[in-house]
Amino acid sequence: MSDAVSLRSVTSIRDAVKDGRVKVVEVVDHVLAAIRGADSQVHAFLDVFEDEARERAEELDRTSRDDGAPRRLLGVPIALKDNICVSGRPTTAGSRVLKDYRPPYNAHVVDRLVAEGAVLIGKTNLDEFGFGSSTENSAYGATLNPHDLTRVPGGSSGGSAAAVAAGMVPAALGSDTGGSIRQPASLCGVCGFKPTYGSVSRRGLIAFASSLDQIGPLGLSVLDVALVQSVISGFDPGDPSSLSMESRDYVPTLSKDLDGLRVGVHRELVDEIANTEVRGAVLRAIETLRDAGARIVRLDDIDLMTAHAVSAYYLIAAPEASSNLSRYDGLRYGPRADAPDLNQTYQRTRGDYLGDEAKRRILLGTFALSAGHYDDYYAKAIQMRARFRAAYDKVFQKVDVLVGATSPVPAFPIGENCEDPLAMYQFDAFTIPASLARLPAASVPCGTTKDGLPIGLQIVGARGRDAAVLSFAFGYEQQRGFKVQPVDLIAKTTEMDQA
Amino acid sequence: MDRQTIDHTARLARLAVQDADRTRYEGQLAAILGHFEALRRALPTVADGAPARDAETDPATSRPASASPEQEGGRTRPDVVTPDRPDGVALVLLAADHEDRNFRVPRVLE
């Protein structure tokens, strides 16, 4: 393999394989070695498809150059969050209640990746069913942040974000219900994109909250994220929430030019950020955008209701989750507790095999939907959701994109917020509104704290304007003055040993 | 949220909750619901004329109830029966303990 071939980006791998400069087998061996080297420290993976990936690589090396198919991800290893189904492979959603569950079919996004020549490399860790912002709620142990192994990677797609940040894979898929792609991308210093609700099929995604869940990509650069998004998006008749839009290629519309674009800035998302390092990094990003010719538009006269975001979200997501999780009763999936009758079989199986946060959300969701409380909680959250949609509709009548911090804080220490779920919920405050309003949103690294922890800039666009968000994110990335590199954990460990 | 409410909710959810967890959930859920009070106060109640039903989302399809799928940018597929996988692979793969096309099921009769 030529030393000149970079195996760090989706596009460079794809181009090198297509040009014959590198074999897919070499790429896969490189990635498997990177996983072996880094994952003992990070614990990003729950399952690595070592044999299958090698077989797939050999098959692609044998067949791909002859058939002439224009595969956009030829030879590119991609990791999948472990709530995305791969036929015949364990798919746990980070839960003991799905231990040993093997789906009988592929998720729609998996079929699309495979059709474009990607190599599935393994399944990444997550908070159980997506319930969390730190990946500490996985039944299979926490994932650590490659930038600081004493801190969380964010969540719930923390395994996917950490795998990309540590250079184990060039790209991964995550899922985002209230920020679960963008927040870990921010905390791990990589790019993440939550598409417009309905633009990527969720067939084969284990459901958390069906009116919010969306699959999306994570990568080191916006170009890589846009390329993977091009492959996975588009109408799927197998998902009733799928939008009637054809697959499109987001790469040709990426533009460095920010001149004249209207960029919304709101005090709730910028000036009122309590963490001074996060606020400083976002303000510097806004200056960079202004210097590049973007027109900064203050939107302080619109009430974005950010203070109500967490309440509205959890009063919608928890009831939907409690309903979706009712299927895990010991009869259809996974392990079953011994009990003398059917009702106790349900209760004990769920009590024994669901995790702490899952139980908390089931209780919260069931309570909010129960007689006497529905109108006070769920119905009001639905009203508030409509207000969020209206407020963000107003925003996008005035600007092309809205920018702010992705997360109010950088990566926090492992265990710091485990006993305070309400504090943990607050970390989603900036990402939730785009989820409630079903908007496309990206997180792009915009700086670091003095301790080297990454900070992300969130870029939100109008519904269906995914191309505009990705193009703007690309434009900012070209202007921001630094390139994201994967964390070299071997060098980092040596440094720590010497210290 | 008191102990009695937690027990009632857990029964509705078919969820066994240990005594130690119940005490912890009681405090945590009370704090969470306390935080939600601001949202409750910010909006009119049903008695004040707010819609009693889910005005935003149709739970059956997760689509906004106020708009048709086409208005929302979606489209429905033809409602036709399609054959299942004929080889029985789907059922076999679902079983943790399987061999060829046979799989073991838990004993349900003594």
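User: What pattern does chain B follow when it is read along the sequence?

Analyst: In this predicted model, chain B follows the pattern α-α-β-β-α-β-β when read along the sequence. That order goes with a count of 3 helices and 4 strands in chain B.

User: How many of the residues of chain B count as buried, and what does that word require?

Analyst: A residue is called buried when its relative accessible area is under 20%, and of the 110 residues of chain B, 26% count as buried. As for contacts in chain B with a separation of 6 or more, residues 24 or more positions apart account for 11% of them.

User: How do you know which residues of chain A and chain B take part in the contact, and how many are there?

Analyst: Contact is taken as heavy atoms within 4.5 Å, and the contact takes 50 residues from chain B and 62 residues from chain A. The two chains bury about 5200 Å² between them, with 60% of it on carbon and sulfur atoms. An area is quoted here because the size of an interface is often given as the accessible area lost when the parts come together.

User: What makes A:Asp356 and B:Arg24 a salt bridge?

Analyst: The rule asks for a side-chain nitrogen of Lys or Arg within 4 Å of a carboxyl oxygen of Asp or Glu. For A:Asp356 and B:Arg24 the closest N and O atoms are 2.8 Å apart, and the pair therefore meets the cut-off. Between chain B and chain A the count is 2 salt bridges, and across their interface there are 12 residue pairs in polar contact, with both residues at pLDDT 80 or more.

User: Which elements of chain B give two or more residues to the side that touches chain A, and which gives the most?

Analyst: The elements are α1 (3-12), α2 (19-42), β2 (63-64) and α3 (89-94) of chain B. Of these, α2(B) gives the most, with 15 residues. By class, the side of chain B that touches chain A has 27 nonpolar, 10 polar and 13 charged residues.

User: Why is A:Glu268 called buried while A:Arg267 is called partly exposed?

Analyst: A:Glu268 has 11% relative accessibility, which is under 20%, so A:Glu268 counts as buried. A:Arg267 has 31%, which falls between the limits of 20% and 50%, and therefore A:Arg267 counts as partly exposed. These two residues form a salt bridge with each other, their closest N and O atoms being 3.8 Å apart, which is within the 4 Å limit.

User: How do you know that A:Glu287 and A:Arg290 form a salt bridge, and where do they lie?

Analyst: Their closest N and O atoms are 3.3 Å apart, which is within the limit of 4 Å. Both residues lie in helix α8 (residues 276-291) of chain A, 3 residues apart, or about one turn of the helix. A:Glu287 has a relative accessible area of 37% and is partly exposed, and A:Arg290, at 43%, also counts as partly exposed.

User: What makes the pair of A:Lys398 and A:Asp301 a link between parts of chain A?

Analyst: The side chains of A:Lys398 and A:Asp301 meet in a salt bridge at 3.3 Å, N to O. A:Lys398 lies in helix α12 (residues 378-398), whereas A:Asp301 is in the loop between β8 (295-298) and α9 (309-324), so the pair ties together parts that are 97 residues apart in sequence. At 61% relative accessibility, which is over 50%, A:Asp301 counts as exposed, while A:Lys398, at 37%, counts as partly exposed.

User: Why is A:Ile302 called buried, and which residues is it in contact with?

Analyst: A:Ile302 has a relative accessible area of 5%, which is under 20%, and therefore A:Ile302 is buried. A:Ile302 lies in the loop between β8 and α9 of chain A. Leaving aside its neighbours within four places in sequence, A:Ile302 is in contact with A:His266, A:Ala391, A:Lys394, A:Val395 and A:Lys398.

User: Which residues have the most contacts inside the largest nonpolar core?

Analyst: The largest nonpolar core has 112 residues, and those with the most contacts inside it are A:Phe129, A:Tyr392, A:Phe396, A:Leu402, A:Val403 and A:Ile459. Apart from this core lies another, of 63 residues, with A:Val42, A:Ile84, A:Val86 and A:Leu120 among them.

Key: Residues are numbered from 1 along each chain as its sequence is written. Chains are lettered from A and ligands numbered from 1 in the order in which they are written. This is a predicted model: local features need pLDDT of at least 70, side-chain atom pairs count only at pLDDT 80 or more; totals for chains, interfaces and linings use all residues. Side-chain values use heavy atoms; hydrogens and water are left out. A nonpolar core is a set of buried Ala, Val, Leu, Ile, Met, Phe, Trp, Tyr and Cys residues joined through side-chain atoms within 4.5 Å. Buried means under 20% relative accessible area, exposed over 50%, partly exposed in between (1.4 Å probe, protein chains only). Buried area is the accessible area (1.4 Å probe) that two parts lose on being put together, summed over both. A polar contact is a pair of N or O atoms within 3.5 Å; within protein, one must be able to donate a hydrogen and the other to accept it, and residues adjacent in sequence count only if both atoms are side-chain atoms. Ala, Val, Leu, Ile, Met, Phe, Trp, Tyr, Cys and Pro count as nonpolar, Asp, Glu, Lys and Arg as charged, and the others, Gly among them, as polar.
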